[in-house]
Amino acid sequence: MASRTTAPRSCDTFVALPPATVGSRVVFGKNSDRPSDEVQEVVYFPAASHKAGDKLECTYIEIEQAEKTYAVVLSRPSWIWGAEMGANEHGVCIGNEAVWGREEVCDKEALLGMDLLRLGLERADTAENALTVMVDLLEKYGQGGNCMESHMAFTYHNSFLIADRKEAWVLETSGKYWAAEKIEEGVRNISNQLSITTKIDREHPEMRDYAKSKGWWDGEKEFDFAAIYSYVNTARMTTSRGRYSEGYKLLNKHKGSITSETMMEILRDKESGINMEGGFMTTGSMVSILPQEPNFPCIHFFTGTPDPDRSVFKPFIFVPNITQLLKTSSPTFGHDDPVKKKPRFLTKPDRRHELYKQHESAAVVMETFKEKGKEMLEQIRKLEKEKISKMESILQNGCLDVNQAVNLFSQCVEEEINTYA
């Protein structure tokens, strides 16, 4: 069994639904916390139709392709097929977390949790349908494989927060077993621990019997998924010092007035550990606004760069004929990619995209030249506020210029790069 190289801590995902939000909107957010030298890219894939019998190559294994896949925008480690977080054209958003528990983690190559996330987005038009797609694929193909671009193994089970315009679902897994909780109002967050307790709205049909067979549950006590499948003291989950608890407190502090900017500030919070620093750090962030009014567009903001506190949340809206996101897309290496060769990860190519390179240089300026760095930070915050204001105007008026939306994200990337230059 491969061992973990890093303490089990990374990522936080949040959702707020009315009446916790301002207006009739669902607000979704995630920080992706990954190895500090890993590049995260923001990429777009259009909807597509596929022939019967087509195969799909995921990060490690090949599976059957669906007849139709929806358009998706993804923030992902640039070496994998799947994603850490993303959205589709129907307003479904998903973020995942690494979790551990009593069940041993399988290092055999299967679907990564990040692969399951992308598959859910590509194949489902609602949050609950995405959940169904993901658990069906989990049952068929399993989850497993190295989750880090390294010959050292980093493996885990996965939890997911899945949201759409009207509701959200938390899906938590332990091997092939899983439980899901439906959220219809208020706030919810997930971090690096199982968090579903006794409110279980859907589950693997053998989940309880398996727990009994392992001696984790006597079959009589009320079934508490997190307590039974892990070592979490569920009575203290929201009060103990930890990122799950800190995220819970921040969401509840702003309950009733949560906006996209509130979510961005939560993701930028360093004191709580949510904006992570160090060997594992926040390498990409996402915030989405999902209006409950179906005629209004969903708006998705991505950084595509490390540390949201000195990054720009840039807007993306699904429209036809979107300009490809070239300056946040990493170089590709085809069959020569060390991820595709066996043994894997013998070398590590330069995967930095253009925005990453410019942001990396700007970060050095911010750290070395305080006045210049302060001025640069003010400029990128001003750029971000301008974009948020424009997006708010679209949501208030319901008036979207499709021709401008085609280049919306790419244009903002150009403006950010110009600020660094």
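A residue counts as buried when its relative accessible area is under 20%, as exposed when it is over 50%, and as partly exposed in between. The views below show a predicted model, and these classes are used throughout.

**View 1**
Glu149 belongs to the loop between α2 and β11, while Arg351 belongs to the loop between β18 (314-316) and α7 (354-368), so the bridge ties together parts that are 202 residues apart in sequence. Side chains of opposite charge can pair when their charged atoms come close. In the structure as a whole, a search finds 32 salt bridges.

**View 2. The salt bridge between Lys385 and Glu261.**
A salt bridge joins Lys385 to Glu261, with 3.3 Å between the closest N and O atoms. Lys385 lies in helix α8 (residues 370-397) and Glu261 in helix α6 (residues 260-267); the pair links distant parts of the chain, 124 residues apart. Lys385 is classed as exposed because its relative accessibility is 52%, a value over the 50% limit. Glu261, at 35% relative accessibility, counts as partly exposed.

The closest N and O atoms of the salt bridge between Asp307 and Lys270 are 3.2 Å apart. Asp307 sits in the loop between β17 (299-302) and β18, and Lys270 in the loop between α6 and β16 (280-291), so that distant parts of the chain, 37 residues apart, are linked by the pair. Lys270 is partly exposed, with 29% relative accessibility. Asp307 is buried, with a relative accessible area of 6%. Through shared partners, salt bridges join Lys270, Glu277, Asp307, Arg310 and Glu367 into one network.

**View 3. Backbone of Asp307 and Phe345.**
Asp307 is not a glycine, yet has a positive phi of about 60°. The loop between β17 and β18 holds this residue. Phe345, also not a glycine, has a positive phi of about 65°. Phe345 is placed in the loop between β18 and α7. Its relative accessibility is 9%, so Phe345 counts as buried.

The peptide bond running from Pro18 to Pro19 is cis, with omega near 10°. Pro19 is located in the loop between β1 (12-17) and β2 (25-35). Another cis peptide bond joins Lys342 and Pro343, where omega is about -5°. Pro343 lies in the loop between β18 and α7, which is also where Phe345 is found.

**View 4. The polar contact between Thr69 and His50.**
The side chains of Thr69 and His50 are joined by a polar contact of 2.9 Å. Thr69 is part of strand β7 (residues 68-69). With 5% relative accessibility, under the 20% limit, Thr69 counts as buried.

**View 5. A negative surface patch that includes Glu206.**
Asp136, Glu139, Glu206 and Asp209 form a negative surface patch. Among them, Glu206 is found in the loop between β15 (202-203) and α3 (207-213). Glu206 counts as partly exposed because its relative accessibility is 40%, which falls between the limits of 20% and 50%.

**View 6. Ala153 and its separation from Asp12.**
Ala153 is located in the loop between α2 (127-141) and β11 (157-163). The relative accessible area of Ala153 is 18%, so the residue is buried under the 20% limit. Ala153 and Asp12 are 141 residues apart in sequence, and their C-alpha atoms are 22 Å apart in space.

Definitions and conventions
Residues are numbered from 1 along each chain as its sequence is written. This is a predicted model: local features need pLDDT of at least 70, side-chain atom pairs count only at pLDDT 80 or more; totals for chains, interfaces and linings use all residues. Side-chain values use heavy atoms; hydrogens and water are left out. Patches are made of residues with over 30% relative accessible area and no salt bridge: like charges are joined within 9 Å, nonpolar side chains (Val, Leu, Ile, Met, Phe, Trp, Tyr) within 5 Å. Accessible areas come from the Shrake-Rupley method with a 1.4 Å probe; for residues, only the protein chains shown count as cover. A salt bridge is a side-chain nitrogen of Lys or Arg within 4 Å of a carboxyl oxygen of Asp or Glu. Lys and Arg count as positive and Asp and Glu as negative; His and the chain ends are not counted. The place of a charge is taken as NZ of Lys, CZ of Arg, CG of Asp or CD of Glu. Helices (H or I, at least four residues) and strands (E, at least two) are DSSP runs, numbered from the N terminus. Buried means under 20% relative accessible area, exposed over 50%, partly exposed in between (1.4 Å probe, protein chains only). A polar contact is a pair of N or O atoms within 3.5 Å; within protein, one must be able to donate a hydrogen and the other to accept it, and residues adjacent in sequence count only if both atoms are side-chain atoms.
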